[in-house]
Amino acid sequence: MKINLKGSTRIVFMFNKIVVKIPTLKSWRLFLNGLLANLQERQFSKINNKNLARVLFSDSIGLVIVMERLKEVRHRGLFFVEVQKICCESDLHLDFWLSDCKPENYGYNNRGQLVKLDFGN
């Protein structure tokens, strides 16, 4: 297990096949933002978009969300080409895909498809 503390609003526990996201404990305001991020990912998971990481479990108040673990994006140039393809094919607004668009917020699922893993903000 790895613990990712890089996010400003959430702590991410990374296991072999899943990740668990909880709100940060750095401050009350950041904790609330972490709750909202988890709730937003819960809401977006209901639309079943093939380019979003699968949510396996989420509680109704935003304390915890469990998602599939993705493979890391390693090629920045190819990443941006693939994101543009997602933008062209998706029903979701362009701003959704390009908001905080960086390789760290995307990953490859077990089918080799690029998906967004951080869609909480």
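Predicted model: local features only at pLDDT ≥ 70, side-chain atom pairs only at ≥ 80, totals over all residues.

Biologist: In which order do the elements of the chain run from the N terminus on?

Modeller: The chain has 3 helices and 8 strands. Read from the N terminus on, these elements follow the order β-β-β-α-β-β-β-α-α-β-β.

Biologist: What radius of gyration does the chain have, and what does the globule rule give for 121 residues?

Modeller: The C-alpha trace spans about 40 × 30 × 25 Å along its principal axes. The radius of gyration is close to the value from the globule rule, so the chain is as compact as a globular protein of that length. Both values are 14 Å.

Biologist: What percentage of the residues in the chain is buried?

Modeller: A residue counts as buried when its relative accessible area is under 20%. Applied to the 121 residues of the chain, this gives a buried share of 40%.

Biologist: Which element gives the most residues to the largest nonpolar core?

Modeller: That core has 21 residues, of which W97, Y106 and L114 touch the most other members. Elements giving two or more residues to the core include strand 2 (10–14), strand 5 (65–68), helix 3 (94–98) and helix 2 (76–89). With 4 residues, the element that gives the most is helix 2.

Biologist: Which residues is W97 in contact with, leaving aside its neighbours within four places in sequence?

Modeller: W97 is one of the core residues that touch the most other members. Beyond its sequence neighbours, its contacts include Y106, which is also named among those core residues.

Biologist: Is N48 buried or exposed?

Modeller: N48 is found in the loop between helix 1 (28–45) and strand 4 (55–58). It has a positive phi of about 55° although it is not a glycine, whereas most residues other than glycine have a negative phi. Because exposed means over 50% relative accessible area, N48, at 68%, is exposed.

Biologist: What relative accessibility does D100 have?

Modeller: D100 is found in the loop between helix 3 and strand 7. D100 has a positive phi of about 55° and is not a glycine. D100 counts as partly exposed, with a relative accessibility of 46%.

Notes: Residues numbered from 1 in each chain as written. Heavy atoms only, no water. Rg over C-alpha atoms; globule rule 2.2 N^0.38 Å. Buried < 20%, exposed > 50% of the residue type's maximum accessible area, 1.4 Å probe, protein only. Core = buried A, V, L, I, M, F, W, Y, C linked by side-chain atoms within 4.5 Å. Contact = heavy atoms within 4.5 Å.
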